[in-house]
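Please examine the sequence and the three-dimensional structure shown below. The paragraphs that follow lead through selected parts of the structure.

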Amino acid sequence: MIAEAKLLQEIEKQLDEIVQIAESCVTNTNAASTDLEESQLRNLQNLASATDSVLVLENFIAYQMGRKKIPVEVGRQIRKDLQELGRKAEELTRSDPQSLRWARMELIRLYLGFLVRKFVAEKKLQGG
């Protein structure tokens with residue numbers, strides 16, 4: 001229990017960086033200017049809440065890219081960001097490798113929340 005609380009504190013210290021990664025994804029890919037709909041990102045966020053598997057998320061992103069529901073550039077950047085968050089989770093759990101899967105998904109869930117919020121804000125500012 002103490003190790004989990006300590007890990008949560010370490011994750012909390014990463015929040016600013018996670019926000020920046022998510023916001024950069026939206027900004028750098030011009031996601032709000034594409035046909036991407038909020039519902040697609042919400043579906044991804046909901047899936048992340050329901051699974052502990054990064055592969056499931058990557059599979060969903062690839063599927064939505066194939067269906068042209070998520071623009072390729074946006075999907076690629078999200079997948080790249082998920083990999084970066086995986087590396088960050090590895091760093092945070094170096095002393096407790098059993099917590100890696102949980103930490104990685106916690107970082108991803110936070111990222112997706114920030115991603116959705118930034119996307120919605122940008123879309124609304126553009127009148128979409």
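Methionine 105 counts as buried because its relative accessibility is 0%; buried means under 20% relative accessible area, with a 1.4 Å probe and protein chains only. This is a predicted model, in which local features need pLDDT of at least 70 and side-chain atom pairs count only at pLDDT 80 or more, while totals for chains, interfaces and linings use all residues. Residues are numbered from 1 along each chain as its sequence is written, and side-chain values use heavy atoms, without hydrogens and water.

Methionine 105 belongs to helix α6, residues 100-125; a helix is a DSSP run of H or I with at least four residues, numbered from the N terminus. Apart from neighbours within four places in sequence, methionine 105 is in contact (heavy atoms within 4.5 Å) with Ala48, Thr51, Asp52, Ser53, Val54 and Leu57.

The largest nonpolar core has 36 residues, of which Ile78, Ile108, Tyr111 and Leu115 touch the most other members. Such a core is a set of buried Ala, Val, Leu, Ile, Met, Phe, Trp, Tyr and Cys residues joined through side-chain atoms within 4.5 Å. Helix α6 supplies its largest share, eleven residues. In soluble globular proteins, nonpolar side chains tend to be buried together.

Lysine 123 also lies in helix α6. Lysine 123 is buried but has no salt bridge, and the nearest side chain of opposite charge, aspartate 35, is 6.3 Å away. A salt bridge requires a side-chain nitrogen of Lys or Arg within 4 Å of a carboxyl oxygen of Asp or Glu. A polar atom of the lysine 123 side chain lies 3.1 Å from the backbone oxygen of alanine 32.

How values were computed:
Helix = DSSP H or I, 4+ residues; strand = E, 2+ residues; numbered from the N terminus. Buried < 20%, exposed > 50% of the residue type's maximum accessible area, 1.4 Å probe, protein only. Lys, Arg positive; Asp, Glu negative; His and termini not counted. Polar contact = N/O pair within 3.5 Å; in protein donor to acceptor, adjacent residues only side chain to side chain.
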